[in-house]
Amino acid sequence: DELSKVLPWLLQTLQSESTPVDRSGAAQGISEVLKAQDIKHLQQLMPRFIDSAQDMNRPAHCRDGYLMLFIYLPNTFQDQFLQFVDQILPCILKGLADESEYIRDTSILAAQTLINNYADKSLNLFLPQLEKGLLDDNWRIRCSSVQLLGDLLFCISGQSGKMTTESEEDDNFASEE
């Protein structure tokens with residue numbers, strides 16, 4: 001079938017040194033091709049995706065491409081993807097500590113995608129991982145865990161802790177203007 005012919009090209013693009021936009025497009029294309037095929041095909045490929053995303057022997061651009069899949073697959077497969085969340089969450093959290101800034105950026109986007117899609121259904125998966133991240137030795141993981149915990153709390157409560165200072169009162173406090 002035609003879809004299986006395009007998949008190798010998309011996987012090659014996903015790992016290429018081309019621009020992040022190309023890799024992102026490949027990740028989105030792979031998500032859509034896999035959705036058109038069957039969840040069983042994704043189940044077969046998921047161990048490869050996870051291993052490749054965290055394989056430190058791979059160049060950063062390859063790992064970044066595989067992490068991008070974790071941004072698009074949850075949105076494409078919706079609740080069918082829920083079975084993979086516990087498998088990919090440690091991989092994504094590991095990416096938060098990577099030396100490469102674009103891997104960290106992709107990892108935070110992937111984590112936020114998971115939280116936005118599954119916070120109400122998988123709170124028991126997210127909380128232990130984020131609690132563990134709060135105590136991690138790596139400061140990047142601690143910082144990202146705080147940010148993600150805030151995202152999680154917002155998703156389950158529907159309220160943000162961010163406050164505004166919009167008011168009619170004088171904002172100059174002690175100054176005499």
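Author: Helix 5 has these buried residues: Val85, Ile88, Leu89, Cys91, Ile92, Leu93 and Gly95. The model is predicted. The buried residues of helix 5 pack against helix 3, helix 4, helix 6, helix 7 and helix 8.

Take Cys91 in more detail. Cysteine 91 has a relative accessible area of 3%. That is under the 20% cut-off, so cysteine 91 counts as buried. Cysteine 143 is partly exposed, at 47%. The structure holds zero disulfides.

Now the wider packing. In soluble globular proteins, nonpolar side chains tend to be buried together.

Sequence neighbours within four places are left aside here. Leucine 42 is then in contact with Leu34, Phe49, Leu73, Phe77, Phe81 and Phe84.

The side chain of aspartate 64 meets that of arginine 23 in a salt bridge, at 3.5 Å from N to O. Aspartate 64 sits in helix 4 and arginine 23 in helix 2, 41 residues apart, so the pair links distant parts of the chain. Are the two partners buried or exposed? Aspartate 64 is buried, with a relative accessible area of 1%. Arginine 23 is buried as well, at 2%. Side chains of opposite charge can pair when their charged atoms come close.

Arginine 63 is in helix 4 too. Its relative accessible area is 6%, so arginine 63 is buried. A polar atom of the arginine 63 side chain lies 3.3 Å from the backbone oxygen of arginine 58. Leaving aside neighbours within four places in sequence, arginine 63 is in contact with Ser52, Ala53, Gln54, Asp55, Met56, Arg58, Asp98 and Ile103.

Two of those contacts, Asp55 and Arg58, also pair with each other. The side chains of aspartate 55 and arginine 58 meet in a salt bridge, at 4.0 Å from N to O. Aspartate 55 counts as partly exposed, at 28% relative accessibility. Arginine 58 counts as partly exposed too, at 24%.

One more pair joins two loops. The side chains of lysine 121 and aspartate 79 meet in a salt bridge, at 3.0 Å from N to O. Lysine 121 lies in the loop between helix 6 and helix 7. Aspartate 79 lies in the loop between helix 4 and helix 5. The two are 42 residues apart, and the pair links distant parts of the chain. Lysine 121 counts as partly exposed, at 40% relative accessibility. Aspartate 79 is partly exposed, with a relative accessible area of 47%. The structure holds five salt bridges, including the ones described here.

Definitions and conventions:
Residues are numbered from 1 along each chain as its sequence is written. This is a predicted model: local features need pLDDT of at least 70, side-chain atom pairs count only at pLDDT 80 or more; totals for chains, interfaces and linings use all residues. Side-chain values use heavy atoms; hydrogens and water are left out. Contact means heavy atoms within 4.5 Å. Helices (H or I, at least four residues) and strands (E, at least two) are DSSP runs, numbered from the N terminus. Buried means under 20% relative accessible area, exposed over 50%, partly exposed in between (1.4 Å probe, protein chains only). A disulfide is a pair of cysteine sulfur atoms within 2.5 Å. A polar contact is a pair of N or O atoms within 3.5 Å; within protein, one must be able to donate a hydrogen and the other to accept it, and residues adjacent in sequence count only if both atoms are side-chain atoms.
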